[in-house]
Amino acid sequence: MIVAILGAGPAGMSCANACLSFGLSPVVIERTAHLGGAQRSNFHPNLWLLGFPGESGEAMTQRLAEHYRALPVTTYYTTQVNQVSRNATEFSLILSGLDAPLAAAAIVLATGTRPRATPELERLAETCPRILIGPLSHAIRDHIRNARVLILGGGDNALDHALFLAELGNQAWVCTRGALSARKPFIEDCQLREEIELRANCPQPRLGCAVDHVVATWPGHQSRFDWVLVMYGYLPNTDVLDAFDPAIRPALTGTGYLHVDAWQRSSVARVYAAGDVTDSPQPSVPTAMAQGLTAARAAERDLAGGGAI
Ligand SMILES: Cc1cc2nc3c(=O)[nH]c(=O)nc-3n(C[C@H](O)[C@H](O)[C@H](O)COP(=O)(O)OP(=O)(O)OC[C@H]3O[C@@H](n4cnc5c(N)ncnc54)[C@H](O)[C@@H]3O)c2cc1C
């Protein structure tokens, strides 16, 4: 029986691997051209995955991808899910680039999250190469040296990047609208570095973009920065639910993540969700992989009886 898995990050790849063990046939649909999801460009070591000390997210992704590619899993890359409907026994998925609909007995949503920004910042970043949205891009690692960097946001990612940039000889100004929400060790480490200035209750500045710098304007104050990093957290990738017929659209939590039970079952029979697209208490690679495995087990159990949905 075919299980359609949306997303080829750690949750989706793990789910596909587990489906094979449970005698199910996984078909993975990935909207980019790549395996690996959020960890593809993480150059930091993964501290949460026991057994691979010092291994970066990039290296881990290569290791997972190598294993995954050797599995008998059909994977459609750069593919969009355009429509999902259901009859008495199966789901039908209309995918971009495929002539015939894909029939599946179950669906697993493993679409992860994306960096959050205001619509105004998203528009600006499209034309301004000095404004970067989200963490850990190679541009941050490879190009930011001896620079003045404005970091918008006050969570762990914002402060982690301030520390990382200070190590590389940059000056970092952290500006967050309310109180700093990062964990205490990040705040304390930043307070010890003279290259880092932490500004809580700092209004979002108006940004003016030039080729090699950005001018930030606050009421009564203006400052020039070489780079601006936007670290406003994450949003779940639930836009794919627009393609689902309303009768089979799974319920969301109050914060917009997919609502699941301990078996990764959504509110719709035979639709499951795994990884960061669910409101996981500790989003991480091991969590996502375990949830992918659990979703496969739940599908195997639910499908064992066969019959109508
Ligand atoms: C900066 C940062 C640092 C982190 N550091 C660590 C760490 O050190 N250790 C750790 O364990 N974890 C870390 N994490 C968390 C970890 O990356 C995530 O928990 C993990 O990647 C979640 O896996 P996932 O498969 O749920 O989602 P993702 O990795 O986000 O993968 C989702 C996949 O779904 C695809 N997709 C999205 N929408 C669609 C769609 N509509 N149709 C088809 N495909 C779609 C995406 O392209 C992507 O390939 C970090 C995350 C970030 C952002």
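The legends below describe close-up views of a predicted model.

**View 1. The shell around the ligand.**
The ligand is surrounded by 32 residues, and the closest include Glu 30, Gln 39 and Asn 46, together with Asp 276 and Val 285. Sorted by class, this shell holds 15 nonpolar, 14 polar and 3 charged residues. Residues of domain 1 (2–114 + 234–303) and of domain 2 (119–230) both belong to the shell, so the ligand lies between the two domains.

Gln 39 places a polar side-chain atom 2.7 Å from an oxygen atom of the ligand. At Ala 38 a backbone N or O atom lies 2.9 Å from an oxygen atom of the ligand. Asn 42 has a polar side-chain atom 3.4 Å from a nitrogen atom of the ligand. On its own the ligand has 1,000 Å² of accessible area, of which the protein covers 91%. Helix H1 (10–21) and helix H7 (285–303) are the elements that give two or more residues to the shell. H7 supplies the largest share, 3 residues.

**View 2. Strands S1 and S2.**
Strand S1 (residues 2–6) pairs with S2 in the parallel sense, over 5 bridges. Within this pairing, Val 3 has Pro 26 of S2 as its bridge partner. Strand S2 spans residues 25–29, and because 4 of its 5 residues are buried, the strand is largely enclosed by the rest of the structure.

**View 3. Thr 61 in helix H2.**
Thr 61 sits in helix H2, which runs over residues 57–69. Its side chain reaches the backbone oxygen of Gly 57 at 2.8 Å. Thr 61 has a relative accessibility of 7% and therefore counts as buried, the cut-off being under 20%.

**View 4. Two residues with positive phi.**
Most residues other than glycine have a negative phi. Asn 201 is not a glycine, yet its phi is positive, near 50 degrees. Asn 201 belongs to the loop between strand S12 (196–199) and strand S13 (206–209). With a relative accessible area of 59%, Asn 201 is exposed. Gln 264, also not a glycine, has a positive phi of about 70 degrees. The loop that holds Gln 264 lies between strand S17 (234–236) and strand S18 (271–273). Gln 264 counts as buried, at 6% relative accessibility.

Technical notes
Residues are numbered from 1 along each chain as its sequence is written. This is a predicted model: local features need pLDDT of at least 70, side-chain atom pairs count only at pLDDT 80 or more; totals for chains, interfaces and linings use all residues. Side-chain values use heavy atoms; hydrogens and water are left out. A residue is near a molecule or strand if one of its heavy atoms lies within 4 Å of it. A polar contact is a pair of N or O atoms within 3.5 Å; within protein, one must be able to donate a hydrogen and the other to accept it, and residues adjacent in sequence count only if both atoms are side-chain atoms. Accessible areas come from the Shrake-Rupley method with a 1.4 Å probe; for residues, only the protein chains shown count as cover. Ala, Val, Leu, Ile, Met, Phe, Trp, Tyr, Cys and Pro count as nonpolar, Asp, Glu, Lys and Arg as charged, and the others, Gly among them, as polar. Domain bounds come from an automatic or database domain assignment. Buried means under 20% relative accessible area, exposed over 50%, partly exposed in between (1.4 Å probe, protein chains only). Two strands pair if DSSP finds at least two bridges between them.
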